[in-house]
Amino acid sequence: MSKREYGIWINGGSELPAGCTVFERMSPSTGECVARVHLAGTAEVERAIALAKETFKDGAWKGAPASERGKILLHWADLITKELDPLSRIEADEAGKTIAAARGEIEWSVELLRYAASLAWSIPGRVVNHEGAEKLGLVTYEPLPVIGMILPWNFPSVTLFQKLPYALVAGCSVVIKPSELTAGTAIEYARLAKEAGIPDGVLAVLPGVGEVVGEAMCLHPAIDMISFTGSTAVGRKIASLAGQSLKKVALELGGKGANIVFADANLDAAVGGALAAFTINQGEECCAGGRLLVEEAIASDFVAMLAEKAKALKLGTPDDVDADLGPMIHEHHHRKVLGYIQKAKDEGATLVVGGGAPREVALESGYFIEPTIFTGVDPSMTIFKEEIFGPVLGVTTFRSVSQAIELANLTHYGLANGVWTSNIDTAMAVSSALESGFVYVNSYLETVPQLPFGGRKSSGLGRENGPEGLLEFMQAKSTFVRMRPSV
Ligand code: NAD
């Protein structure tokens with residue numbers, strides 16, 4: 001496999017920062033080096049922010065009609081689509097996911113980009129009429145000048161496109177710090193953004209270490225907002241650093257979703273949904289339904305059906321077209337997930353299927369973990385409480401609607417939950433009682449770009465996608481006009 005070489009993207013071009021550290025990204029499937037990433041330091045943060053500020057001031061982007069920005073973003077979407085194959089390869093190699101999963105992720109990112117671009121034709125605003133024709137109020141929305149975006153490794157493309165095109169439609173300049181583990185696609189998207197017509201200086205991509213590049217961005221007084229996706233622990237740190245210069249923060253953080261299955265649900269559909277909920281993206285999914293709450297009367301049949309399907313899933317490298325799941329992102333995370341499995345056993349949960357790394361010789365060089373299901377999980381157990389971020393499911397039973405709601409809300413997270421029932425009253429009552437930003441009904445992990453996404457409680461602040469996603473990057477200005485000033 002040929003190694004890719006990445007520098008930083010700044011002022012409309014790629015550069016290798018002088019004297020920088022080079023990070024070698026090893027494939028989590030095979031252990032081979034797939035990319036050499038030249039990491040940014042604080043000098044590159046300073047330069048990128050100064051350029052972003054200057055470009056914002058000169059108005060080449062924010063001063064253009066919004067419809068022009070929209071057209072450029074639509075062109076960018078076409079250019080990305082033309083390179084879908086090579087981009088999917090990069091995403092699969094660096095993040096360890098299957099080619100099909102990487103392709104699906106990028107197709108969805110393009111959908112988000114096209115939707116965000118369409119908002120350019122409906123930038124919000126209001127007129128307030130007061131006391132007839134004498135007094136007029138205008139509410140206009142203006143872009144926050146410079147946005148810092150800090151991204152995780154699990155969905156390098158989607159987490160970027162839930163933010164970036166909305167900020168660009170608004171007219172902001174943006175400095176992006178992708179995870180150094182998965183920086184490749186962000187650099188390629190920036191190259192295509194230039195080809196589409198986004199002016200130099202509007203967009204910079206600085207792969208780097210969180211404690212260096214990320215912290216410098218959070219502390220920099222010329223950044224107006226940090227939009228972060230990642231863990232709750234780092235989100236807290238970012239909020240406190242950004243608080244020193246009182247910059248706005250939007251935080252998309254971790255989750256511990258509950259998938260609630262009532263006895264009257266379409267059980268075949270619910271089994272499929274429950275399986276996807278903890279195995280999609282090998283469980284490295286913030287909305288994962290890692291807790292299955294199932295009505296006691298159907299629990300043993302339901303778990304048997306689910307276990308059968310989980311056993312049939314295939315682990316494999318990006319080159320294995322039959323594979324359903326890839327490896328964990330790196331060795332440390334692999335050990336962490338195995339530790340959670342051991343803890344579930346030690347705390348008394350019953351292992352039904354999976355339970356560790358697979359034994360196949362072909363998978364020995366990757367950080368693979370079998371889809372794993374535990375029953376007999378109670379709320380005191382670690383597997384019920386903590387985000388595992390791997391293909392591990394804990395099953396808990398309930399007897400009533402109120403008990404199901406209580407169990408689902410028994411977490412400090414509040415990102416996404418699911419409910420499966422054929423009774424619309426139950427579905428709506430449960431949805432309204434769930435303390436999460438998103439609820440799936442008779443579905444899991446499905447959405448459309450028009451729906452805002454984001455967490456409650458320790459899962460975060462702010463919303464992405466939908467018209468709300470655009471407004472996050474704008475600030476309201478009120479103008480009061482006296483129409484006929486009295487002398
Ligand atoms: P992470 O919090 O470790 O890292 C995220 C980013 O923050 C990386 O770019 C990292 O380099 C940077 N960072 C680390 N320390 C920093 C610091 N001190 N200052 C500034 N930046 C710093 O998260 P991860 O391991 O990359 O991703 C997994 C987590 O992301 C999970 O908890 C998952 O639930 C969450 N996630 C949430 C969403 C969502 O939309 N809510 C989506 C995807 C992932």
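**Close-up views of the predicted model**

**View 1. Tyrosines Y440 and Y444.** Both Y440 and Y444 are buried, where buried means under 20% relative accessible area, exposed means over 50% and partly exposed lies in between (1.4 Å probe, protein chains only). This is a predicted model, in which local features need pLDDT of at least 70 and side-chain atom pairs count only at pLDDT 80 or more, whereas totals for chains, interfaces and linings use all residues. Residues are numbered from 1 along each chain as its sequence is written, and side-chain values use heavy atoms, with hydrogens and water left out. F438, Y440, Y444 and F453 are linked into a cluster by ring pairs.

**View 2. Aromatic pairs.** The whole structure holds 8 aromatic pairs (rings of Phe, Tyr and Trp, the last by its six-membered ring, with centres within 6.5 Å; planes under 30 degrees apart are stacked, over 60 edge-to-face and the rest tilted). The ring centres of Y115 and Y166 are 6.4 Å apart and the planes are at 55 degrees, so this pair is tilted. Because Y115 belongs to helix α4 (residues 99-118) and Y166 to helix α6 (residues 164-170), the pair ties together parts that are 51 residues apart in sequence. Helices (H or I, at least four residues) and strands (E, at least two) are DSSP runs, numbered from the N terminus. Y115 and Y166 are both buried. A tilted pair is also formed by Y440 and Y444, with 4.8 Å from centre to centre and 40 degrees between the planes.

**View 3. Residues of the loop between β20 and β21.** N442 is in the loop between β20 (438-441) and β21 (456-457), and L445 is in the loop between β20 and β21 as well. N442 is not a glycine, yet has a positive phi of about 50 degrees. For L445, also a residue other than glycine, phi is positive and near 70 degrees. N442 has 38% relative accessibility and therefore counts as partly exposed; L445, at 21%, counts as partly exposed.

View 4. T372 is part of strand β16 (residues 372-375). With 0% relative accessibility, T372 counts as buried. Neighbours within four places in sequence left aside, the contacts of T372 (heavy atoms within 4.5 Å) include F278, I341, L351, P391 and L393.

**View 5. Nonpolar cores.** The largest nonpolar core has 59 residues, and W76 and I80 touch the most other members. Such a core is a set of buried Ala, Val, Leu, Ile, Met, Phe, Trp, Tyr and Cys residues joined through side-chain atoms within 4.5 Å. Leaving aside neighbours within four places in sequence, I80 is in contact with residues including L87, I106, F161 and Y189. Another core, of 29 residues, lies apart from the largest one, and A265, F278, L306 and A307 are among its members.

**View 6. Ligand site.** The ligand is surrounded by 27 residues, the closest being L151, E215, S231, L253 and E387; a residue counts as near if one of its heavy atoms lies within 4 Å. A polar backbone atom of L151 is 2.6 Å from an oxygen atom of the ligand. For a backbone N or O atom of G230, the distance to an oxygen atom of the ligand is 3.4 Å.

How values were computed. A polar contact is a pair of N or O atoms within 3.5 Å; within protein, one must be able to donate a hydrogen and the other to accept it, and residues adjacent in sequence count only if both atoms are side-chain atoms.
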